[in-house]
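Please keep the viewer open as you read, and follow the points in order.

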Amino acid sequence: MGENRRDHERRHWGREVHYPFRDSEGRTVVRNRRRVVERRLSSVQARSAQPVLRLRFREREFALRNGQLRVGRHSGNDLVINQPVVSRHHGVILALGGGYLLVDTSRNGSYVRLQGAAADIHVQAGEYRLVGKGTIRLGRATDAPGNDLLHFDIS
(Lines give C-alpha, C1' and ligand atoms only; values in the text may rest on other atoms or scores of the structure.)
Protein backbone atom coordinates (compact mmCIF):
# COMPACT_ATOMS: atom_id res chain seq x y z
CA MET A 1 0.00 0.00 0.00
CA GLY A 2 2.82 2.43 0.86
CA GLU A 3 4.60 1.36 -2.34
CA ASN A 4 2.20 3.42 -4.49
CA ARG A 5 3.05 6.78 -2.92
CA ARG A 6 4.90 9.17 -5.13
CA ASP A 7 8.41 10.19 -4.15
CA HIS A 8 7.52 13.86 -3.67
CA GLU A 9 4.85 12.91 -1.12
CA ARG A 10 7.24 11.00 1.11
CA ARG A 11 8.75 12.70 4.12
CA HIS A 12 12.52 12.95 3.77
CA TRP A 13 13.63 12.57 7.38
CA GLY A 14 17.27 13.40 6.69
CA ARG A 15 16.38 16.88 5.44
CA GLU A 16 15.33 19.81 7.63
CA VAL A 17 12.07 21.41 6.58
CA HIS A 18 12.00 25.22 6.47
CA TYR A 19 8.69 26.92 7.16
CA PRO A 20 6.75 28.59 5.70
CA PHE A 21 6.72 26.83 2.35
CA ARG A 22 4.36 26.63 -0.61
CA ASP A 23 2.46 23.40 -1.18
CA SER A 24 1.61 21.88 -4.58
CA GLU A 25 -1.47 24.12 -4.85
CA GLY A 26 0.51 27.29 -4.19
CA ARG A 27 -0.76 27.83 -0.62
CA THR A 28 1.64 28.92 2.10
CA VAL A 29 1.90 26.32 4.89
CA VAL A 30 3.00 27.08 8.45
CA ARG A 31 3.71 24.05 10.63
CA ASN A 32 2.80 24.18 14.22
CA ARG A 33 3.78 21.55 16.76
CA ARG A 34 0.38 19.87 16.93
CA ARG A 35 -1.33 20.90 13.73
CA VAL A 36 -0.82 22.35 10.29
CA VAL A 37 -2.25 25.78 9.62
CA GLU A 38 -2.77 26.93 6.06
CA ARG A 39 -2.30 30.57 5.24
CA ARG A 40 -3.38 31.94 1.90
CA LEU A 41 -1.47 35.03 0.94
CA SER A 42 -3.13 37.53 -1.32
CA SER A 43 -1.46 37.95 -4.69
CA VAL A 44 -2.28 41.66 -4.47
CA GLN A 45 0.21 42.30 -1.66
CA ALA A 46 3.20 44.39 -2.59
CA ARG A 47 6.51 43.65 -0.89
CA SER A 48 7.05 47.34 -0.20
CA ALA A 49 3.83 47.37 1.86
CA GLN A 50 5.37 44.94 4.37
CA PRO A 51 6.35 46.90 7.50
CA VAL A 52 9.77 46.33 9.04
CA LEU A 53 10.09 44.35 12.28
CA ARG A 54 13.01 45.53 14.39
CA LEU A 55 14.17 43.19 17.14
CA ARG A 56 16.68 43.92 19.88
CA PHE A 57 18.18 41.23 22.08
CA ARG A 58 20.87 42.43 24.49
CA GLU A 59 23.32 44.30 22.22
CA ARG A 60 22.24 42.62 18.96
CA GLU A 61 19.68 44.12 16.59
CA PHE A 62 17.76 42.47 13.75
CA ALA A 63 15.57 43.93 11.01
CA LEU A 64 13.10 41.57 9.33
CA ARG A 65 11.02 42.53 6.30
CA ASN A 66 10.52 39.15 4.60
CA GLY A 67 11.15 35.54 5.50
CA GLN A 68 11.58 34.16 8.97
CA LEU A 69 13.70 34.37 12.10
CA ARG A 70 14.21 31.13 14.04
CA VAL A 71 14.74 31.43 17.81
CA GLY A 72 15.85 28.88 20.36
CA ARG A 73 18.75 27.36 22.27
CA HIS A 74 20.28 25.43 19.33
CA SER A 75 23.25 27.05 17.57
CA GLY A 76 21.56 26.59 14.17
CA ASN A 77 18.89 29.18 15.01
CA ASP A 78 19.10 32.76 13.74
CA LEU A 79 18.77 34.04 17.31
CA VAL A 80 20.30 31.86 20.03
CA ILE A 81 19.01 32.34 23.58
CA ASN A 82 20.94 30.06 25.91
CA GLN A 83 18.54 29.66 28.84
CA PRO A 84 17.34 26.38 30.39
CA VAL A 85 13.63 27.27 29.88
CA VAL A 86 14.17 27.90 26.14
CA SER A 87 13.68 24.90 23.82
CA ARG A 88 16.26 23.98 21.20
CA HIS A 89 13.88 25.06 18.44
CA HIS A 90 11.58 27.27 20.47
CA GLY A 91 9.77 29.12 17.71
CA VAL A 92 9.78 31.20 14.56
CA ILE A 93 8.85 34.79 13.74
CA LEU A 94 7.35 34.87 10.24
CA ALA A 95 6.64 37.74 7.87
CA LEU A 96 3.13 36.92 6.57
CA GLY A 97 0.31 38.89 5.02
CA GLY A 98 1.57 42.39 5.74
CA GLY A 99 2.36 41.56 9.38
CA TYR A 100 4.38 39.30 11.63
CA LEU A 101 3.42 36.05 13.31
CA LEU A 102 5.11 34.50 16.35
CA VAL A 103 4.78 30.72 16.02
CA ASP A 104 5.65 28.96 19.28
CA THR A 105 6.57 25.27 18.97
CA SER A 106 7.78 24.74 22.53
CA ARG A 107 6.44 23.17 25.71
CA ASN A 108 7.18 26.15 27.96
CA GLY A 109 5.62 28.70 25.63
CA SER A 110 6.43 32.33 24.93
CA TYR A 111 5.18 35.44 26.67
CA VAL A 112 4.35 38.62 24.77
CA ARG A 113 3.66 41.97 26.40
CA LEU A 114 2.52 44.78 24.16
CA GLN A 115 3.53 48.33 25.02
CA GLY A 116 1.01 49.78 27.47
CA ALA A 117 -0.55 46.39 28.34
CA ALA A 118 -0.90 45.36 31.97
CA ALA A 119 -0.47 41.61 31.46
CA ASP A 120 1.42 39.10 29.32
CA ILE A 121 -0.12 37.04 26.55
CA HIS A 122 0.93 33.41 26.92
CA VAL A 123 1.48 31.63 23.60
CA GLN A 124 2.07 27.88 23.95
CA ALA A 125 2.28 25.57 20.92
CA GLY A 126 0.35 28.19 19.01
CA GLU A 127 0.68 31.46 17.20
CA TYR A 128 0.22 35.15 17.90
CA ARG A 129 0.14 38.12 15.52
CA LEU A 130 2.66 40.76 16.64
CA VAL A 131 1.52 44.39 16.46
CA GLY A 132 3.11 47.70 17.43
CA LYS A 133 5.81 47.62 20.10
CA GLY A 134 6.47 45.25 22.96
CA THR A 135 8.61 42.54 24.48
CA ILE A 136 8.84 38.78 24.06
CA ARG A 137 10.32 36.33 26.54
CA LEU A 138 10.77 32.67 25.76
CA GLY A 139 9.84 30.20 28.49
CA ARG A 140 8.83 32.59 31.28
CA ALA A 141 6.87 35.75 32.02
CA THR A 142 8.25 39.13 30.92
CA ASP A 143 8.29 40.50 34.48
CA ALA A 144 10.48 37.64 35.80
CA PRO A 145 14.09 38.63 36.61
CA GLY A 146 16.71 38.15 33.89
CA ASN A 147 18.23 39.85 30.86
CA ASP A 148 16.74 37.67 28.11
CA LEU A 149 13.97 40.00 26.90
CA LEU A 150 13.47 40.35 23.16
CA HIS A 151 12.19 43.85 22.31
CA PHE A 152 10.23 44.35 19.09
CA ASP A 153 9.00 47.34 17.13
CA ILE A 154 6.93 47.10 13.94
CA SER A 155 6.97 50.22 11.77
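1. Strands here are DSSP runs of E with at least two residues, helices are runs of H or I with at least four, and both are numbered from the N terminus. Two strands count as paired if DSSP finds at least two bridges between them.

2. Before going further, a word on the source: this is a predicted model, in which local features need pLDDT of at least 70 and side-chain atom pairs count only at pLDDT 80 or more, while totals for chains, interfaces and linings use all residues. Residues are numbered from 1 along each chain as its sequence is written, and side-chain values use heavy atoms, with hydrogens and water left out.

3. Is strand 8 mostly covered or mostly open? It spans residues 91-96, and six of its six residues are buried. Buried means under 20% relative accessible area, exposed means over 50%, and partly exposed lies in between (1.4 Å probe, protein chains only). In a regular strand the side chains alternate between the two faces of the sheet. In strand 8, G91, I93 and A95 point one way and V92, L94 and L96 the other, all of them buried.

4. Now look at the other neighbour of strand 8. Strand 9 (residues 99-104) runs antiparallel to strand 8, and six bridges join the two. A95 has Y100 as its bridge partner in strand 9. The hairpin of these strands has two residues between them, and there G97 takes a positive phi near 55 degrees.

5. Strand 9 also pairs with strand 12, in the antiparallel sense, over four bridges; V103 stands opposite E127 in strand 12. Putting these strands together gives an open sheet of five, in the order 7-6-8-9-12, with mixed pairing. Strand 7 (79-80) and strand 12 (127-130) stand at the edges with a single partner strand each, so one side of each has no neighbour in the sheet.

6. Which strands make up the sheet of six? Its order is 5-4-14-13-10-11; this sheet is open too, and its pairing is antiparallel. Strand 5 (60-64) and strand 11 (121-123) are the edge strands, each pairing on one side only. From one strand to the next, the twist averages 25 degrees; angles run from 0 to 180 degrees between N-to-C directions, with axes as lines fitted to C-alpha atoms. At one end of the order, strand 10 (residues 110-114) pairs antiparallel with strand 11 over three bridges, and Y111 has H122 as its bridge partner there.

7. Two loop residues deserve a look. R58 has a positive phi near 50 degrees although it is not a glycine, and it is found in the loop between strand 4 (53-57) and strand 5. A125, also not a glycine, has a positive phi near 50 degrees and sits in the loop between strand 11 and strand 12. Where R58 counts as partly exposed at 40% relative accessibility, A125 is buried, with a relative accessible area of 12%.

8. Finally, the whole chain: it has zero helices and 14 strands. Buried residues make up 37% of its 155 residues.
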